[in-house]
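Thanks, everyone. I'll keep this brief. Please have the viewer open.

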Amino acid sequence: MKTDKIKPNVTLLALLAGVAAVVGATPYLFFIDALWILPLVAIGAAGMLWVKTRKLRSNATSEPSPGEWITAAWSLVAYAAMISFSLIYYAIAYWATRLVIFLMGLLNVQLDLSWADTIGLAVSGFFAITLYAVSLITASELPRRLYPRLAGIRSPYYALWLTNRNWILLAVLAGIFALLLMIGLDLHQWYWIFACSAVLFYTGFPIAQSGEEREKRRKQGLKATRLLLDACGWSMSQLEASGDPEVDPFTDEIDFIARRNGDSLLIEVVAAEVDWKVASGLQTTAHILEDKLGTQPSGPTHLRPLLILVGDKIDDSVSRFADIEEFDVAHVPEALIKKVLNAKGDTTGLESLAQELIPAVGASHA
């Protein structure tokens, strides 16, 4: 198993976050004539990703390619553009206040029309700050996507760039053109600025969604796995760090250990297309942990590795490796993951699904 981890590029990630936040926030700050706030926006975004990256535990073995960086950057622009989307709240508050002023005028109560602008800006300012916080929290997942937990796997942006390179570049150019057009023609009306924000958001949001999809599948796979093993009487626990530098680099990739009647399964759930090397790596990890942990009074004497692949496709090399090495691999299509989650509480139904999807959990290996 490869253990030569790639150290995340903290500086580039922070710079990426700062630039993306500036691009997304510029329309709103241009509208309120407060471009001087942009450095603070950049510092906040860069600081958030710097902190997240410093805490990141990753086994990534490949540095993201330039295409992955471009794709990831534009996904961040989509989140940051939510700040400028607060202009729609300005429009709602502005015209609602104008209506109130008009109705009050019918009652001979005269109010200054400047209240409409003031209230509109106050409301949109509140939402701008709120959406900025939301965008920071959402974008903080980027380091983990660019530097995956599992060794040998590329980020979700890798395949996206390979298959949609021209569309991604077109999206980036469209967003930059819209921004330059707004500034160059001094388009200060809220609807023009909102239109620019929409271009930035809707060109980047599909990319952001694609980046989230794989992690969503993995979380669902983990939840389904827990349901299936629990229904079959297995007890599950996290594999705690031992403090041994020869062991811990391998345990980072393990999701949990399952135990039942003296049997122990070392389980890893993956929601990406991988080849036989991932299965081989899990097998190696099991052997290393057996040697290291088996000497402890509470340590398992035998660890059987179980690789669970969530998705509709499985690489042929994984199946061949499993046949040759008598290695347990469970292929769980996404449709069946949903079926498992829907069967929560139905122990009999879950046991039946477990036998179908993950035969290893119903067999005795002692």
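I'll go through a helix pair and then the nonpolar cores.

First, a caveat: this is a predicted model.

Start with L12. It sits in helix α1, which covers residues 10-31. Now pick S135. L12 and S135 are 123 residues apart in sequence, and their C-alpha atoms are 19 Å apart in space.

Next, the packing of α1 against helix α7, residues 156-184. The two axes come within 11 Å and cross at roughly 20°. That angle is under 35 degrees, so α1 counts as roughly parallel to α7. The crossing is left-handed. Which residues of α1 and α7 meet? From α1, take V23, T26, P27 and F30; from α7, take L179, M182 and I183. By class, this contact has 6 nonpolar residues, 1 polar and no charged ones.

Now the cores. The largest nonpolar core has 58 residues. L76, L142, L146 and L200 have the most contacts inside it. Which helix gives the largest share? That is α1, with 11 residues.

Zoom in on L76. Leaving out residues up to four places away in sequence, L76 touches L16, A17, A20, L49, A139 and L142.

There is also a second, separate core. This one has 29 residues, including L228, F256, I267 and L350.

As background, nonpolar side chains tend to be buried together in soluble globular proteins.

That's my tour. Over to you.

How values were computed:
Residues numbered from 1 in each chain as written. Predicted model: local features only at pLDDT ≥ 70, side-chain atom pairs only at ≥ 80, totals over all residues. Heavy atoms only, no water. Helix = DSSP H or I, 4+ residues; strand = E, 2+ residues; numbered from the N terminus. Axes fitted to C-alpha atoms, helices over the stretch in contact; angles between N-to-C directions. Parallel < 35°, antiparallel > 145°, perpendicular 65-115°, else oblique. Left-handed = near helix turned anticlockwise from the far one by under 90°. Contact = heavy atoms within 4.5 Å. Nonpolar A, V, L, I, M, F, W, Y, C, P; charged D, E, K, R; others polar. Core = buried A, V, L, I, M, F, W, Y, C linked by side-chain atoms within 4.5 Å. Buried < 20%, exposed > 50% of the residue type's maximum accessible area, 1.4 Å probe, protein only.
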